[in-house]
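These are my notebook entries from one sitting with a structure. I put down what I looked up and how each term was defined.

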Amino acid sequence: MAKRVLIVGAGFSGAVLARQFADLGGIKSLVIDSRDHIAGNCHTERDAASGIMVHRYGPHIFHTDRIDVWNYVNRFGEFRPFINRVKASIDRGIFSLPVNLHTINQFFGTKLSPSQAREFIESKAERSIGEPANFEEQALKFIGRELYEAFFYGYTRKQWGCEPRELPAAILSRLPVRFNYDDNYYNSPLQGIPAEGYTAVIANILAHENIEVRLGTSFDPAMAGEFDHVFYTGPLDEFFGHRLGRLSYRTVFWEKQEATGDFQGVAVMNYPDAKLAHTRVHEHKHFAPWEKHDSTLAFVEYSKETEATDIPYYPKRLAPDKELLANYAALAREQPGVSFLGRLATYRYMDMHQVIGEALDFAGTWMEASAAGLSR
Ligand code: FAD
Ligand code: UDP
């Protein structure tokens, strides 16, 4: 008999899973989401007054080095080339991020060549640090104290609400450091933004006769009985009613910036200065440079600790979280008939290409196990 599964969450994780099951396994799914829209945190919508495409939950730039993931998303929408060229505003002026030769020469008032800059930064870096144990050590080891304090310390304190030395080194190793003038925020060879936004891409992924989508519907464990399996992409601790405690997350919120014409001339301007409350300002028309808009929409972003009613955006993964995570992961492994995937259900700081890649891989593995009668 054909299977019917329940997928909780209509973000990239849930949508890709449903589509793979539909296309490759003939499996029918009901995809539910507690919000009134699909696409999870990648949701985009056109502002009614200006027509500008707004990334409702903050800027989303697609980047990957997996060609299968790139080909997959391009099946469902046209991705236009987009290189994120982030700027940072500090007391001394406007600088280029990620740290590159322009940042180094401007910051230190030098005219160094690539090899001179490498040597110069090495002389500043704290090479006595072995394997960096945290964010701060990662910074001191690779860029030295001055650049760390100017661009990373204050921003990170504001973004994560704790000392950088409490955070994993991996948060910083997301960003490249370059000794040339390449100011592309990412190293990935495949980058872009969908011409009609992410919601249109996810709507196309979900458009299949085997997939039913029900919005404004929260998961209730009583639903599980009607399905052969449940795939859950919401927060892991919430699934278990927070019975072991709460995993810590940061949430972000935005204030609309009054602006006309071109407010800041770039999509993202970061504000690392600890004296300012906000972390960055995003101006959304610059995420779609192929469109022409005379007016503009910009948002000032702030970060805070998550309260019960806030959307959890960033998994903090502090030491106590990791312990709690291990205990929740043990409960999850013992939960029959339910699989957990995606950024929230695995409590990992994952980008879109990573959740899509994992959903593609997971769907294949699960269907094979299911066909062999091995899935739980
Ligand atoms: P989500 O998109 O969070 O989807 C999960 C869905 O489950 C949500 O729609 C939620 O409403 C629903 N849900 C949860 N619990 C329940 C429940 N109990 N019942 C029913 N529904 C439920 N990635 C990039 O690649 N590039 C970027 O530039 C980038 N920028 C980002 C900026 C911000 C501010 C944030 C927060 C994230 C950013 N990301 C970026 C990461 C990206 O948003 C995630 O990788 C992606 O959204 C994860 O997809 P997902 O489907 O796992 O989770
Ligand atoms: N970061 C920083 N200063 C910046 C930009 C980033 O200190 O100007 C740090 C900060 O801790 C941030 C991390 O680097 O959380 C990763 O940055 P990224 O831009 O990847 O964050 P995201 O887009 O996920 O918010």
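The entries below go from the numbering and the domains to the strands, the helices, the ligand shell and some backbone angles.

**Conventions.** I number residues from 1 along each chain as its sequence is written, letter chains from A and number ligands from 1 in the order in which they are written. The model is predicted, and I note that local features need pLDDT of at least 70, that side-chain atom pairs count only at pLDDT 80 or more, and that totals for chains, interfaces and linings use all residues.

**Domains.** I looked up the division of the chain, whose bounds come from an automatic or database domain assignment. Domain 1 covers 4-42 + 68-73 + 194-246 + 316-371, and domain 2 covers 99-174. Taken over C-alpha atoms, the centres of the two are 36 Å apart. Domain 1 gives 4 residues to the contact and domain 2 gives 5; a contact means that C-beta atoms, placed from the backbone, lie within 7 Å. On the side of domain 1 that touches domain 2, I noted 2 nonpolar, no polar and 2 charged residues. Here Ala, Val, Leu, Ile, Met, Phe, Trp, Tyr, Cys and Pro count as nonpolar, Asp, Glu, Lys and Arg as charged, and the others, Gly among them, as polar.

**Record.** An unreviewed UniProt entry annotates residues 150-349 as "domain: UDP-galactopyranose mutase C-terminal". Such positions are given in the numbering used here, feature names are shortened, and annotations may be inferred rather than shown by experiment. I found 20% helix and 22% strand in this span, with its end C-alpha atoms 24 Å apart.

**Strands.** Helices (H or I, at least four residues) and strands (E, at least two) are DSSP runs, numbered from the N terminus. Two strands pair if DSSP finds at least two bridges between them. I recorded two bridge partners: alanine 88 has phenylalanine 95 in strand 8, and lysine 87 has methionine 269 in strand 13.

Leucine 97 and proline 98 are joined by a cis peptide bond, with omega about -5°. Proline 98 lies in the loop that leads from strand 8 to helix 3 (101-108).

**Helix 5.** I call a residue buried if 20 or more other C-beta atoms lie within 10 Å of its own, exposed if 12 or fewer, and partly exposed in between, with C-beta atoms placed from the backbone. Helix 5 (residues 135-142) is largely enclosed by the rest of the structure because 6 of its 8 residues are buried. They are Phe135, Glu136, Gln138, Ala139, Leu140 and Phe142, and they pack against helix 6. Glycine 144 follows helix 5 and has a positive phi, near 85°.

**Ligand 2.** How many residues surround ligand 2? I read 13, the closest being Phe152, Tyr155, Thr156, Gln159 and Asn270; a residue is near if its C-beta atom, placed from the backbone, lies within 6 Å. Helix 6 (residues 144-160) supplies the largest share of the shell, 5 residues. By class, the shell has 9 nonpolar, 3 polar and 1 charged residues.

**Positive phi.** Arginine 317 has phi near 55°, a positive value in a residue other than glycine. Arginine 317 is in the loop between strand 16 (314-315) and helix 9 (319-333), and counts as buried because 20 C-beta neighbours lie inside 10 Å. Tyrosine 347 also has a positive phi, near 55°, and is in the loop between strand 17 (338-340) and helix 10 (352-371). Tyrosine 347 is buried, with 25 other C-beta atoms within 10 Å.

Methods. Two residues are in contact if their C-beta atoms, placed from the backbone, lie within 7 Å.
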